[in-house]
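Subject: Handing over the structure, with notes

Hello, I am passing on the structure that you will be working with, and my notes follow below it. Please keep the structure open beside you while you read.

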Amino acid sequence: MKSLDKKDEISIKKSDVSIAKNYLNEDEIKLLGLLVEQYLAFAETMAQQRTPMYMADWINRLDSILQLNGRELLSHTGKVSHEKALQKSEAAFEQYKIGLKAVEKVESMKELENDIKKNIKALNFFASSYRLLL
């Protein structure tokens, strides 16, 4: 199965729809990578300096890095539960599969139609050749 909006991409599987990172565009992935790089550089600095860090310290430092980059911090857990998000993504995936099957059916019919046209041309050629022999 392939994404309809991207040519020559890998197949989309049901297991992929529950992972949000699969739906980030290239710029968003790059920005996420830069944030992670900054956080890891900070962690490496703390390790080099042998500075003890506790979980609360890591959380506060991550919040600082996000704010420094102009990111808004989440102050709540959100409005949609994980289970509802999974249900919604799976329902959307089922709709995607239905649409994909329709596209595949149309492509298959076009391929079949082209094969029939080629066979008709070949039959007409053989029929006219046969008539010439008579």
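Which residues form one aromatic cluster? The cluster is made up of Tyr 39, Phe 42 and Trp 58, where rings of Phe, Tyr and Trp (its six-membered ring) are paired if their centres lie within 6.5 Å, and planes under 30 degrees apart count as stacked, over 60 as edge-to-face and the rest as tilted.

Before going further, please note that this is a predicted model, in which local features need pLDDT of at least 70 and side-chain atom pairs count only at pLDDT 80 or more, while totals for chains, interfaces and linings use all residues. Residues are numbered from 1 along each chain as its sequence is written, and side-chain values use heavy atoms, with hydrogens and water left out.

Phe 42 counts as buried at 16% relative accessibility, whereas Trp 58 is partly exposed at 22%, because buried means under 20% relative accessible area, exposed over 50%, and partly exposed in between (1.4 Å probe, protein chains only).

Phe 42 also belongs to the largest nonpolar core, whose 6 residues are Leu 35, Tyr 39, Phe 42, Met 46, Met 53 and Ile 65. Helix 1 (residues 26–48) gives the largest share of this core, 4 residues. A nonpolar core is a set of buried Ala, Val, Leu, Ile, Met, Phe, Trp, Tyr and Cys residues joined through side-chain atoms within 4.5 Å. Tyr 39, for its part, touches Trp 58, Arg 61, Leu 62 and Ile 65, if residues up to four places away in sequence are not counted, and contact means heavy atoms within 4.5 Å.

In the loop between helix 1 and helix 2 lies Arg 50, which has a positive phi of about 55 degrees although it is not a glycine. Most residues other than glycine have a negative phi. Arg 50 is exposed, with a relative accessible area of 75%.

Helix 3 (residues 82–133) contains Ser 89, which counts as buried at 17% relative accessibility. Leaving aside neighbours within four places in sequence, Ser 89 is in contact with Val 17 and Ser 18. Tyr 96 lies in helix 3 too and counts as buried at 18%.

Finally, how many salt bridges does a search of the whole structure find? The search finds 2, a salt bridge being a side-chain nitrogen of Lys or Arg within 4 Å of a carboxyl oxygen of Asp or Glu. Glu 94 and Lys 97 meet in a salt bridge at 3.5 Å, N to O, and both lie in helix 3, 3 residues apart, about one turn of the helix. Glu 113 forms a salt bridge with Lys 117, with the closest N and O atoms 3.3 Å apart; these two residues lie in helix 3 as well, 4 residues apart.

Best wishes
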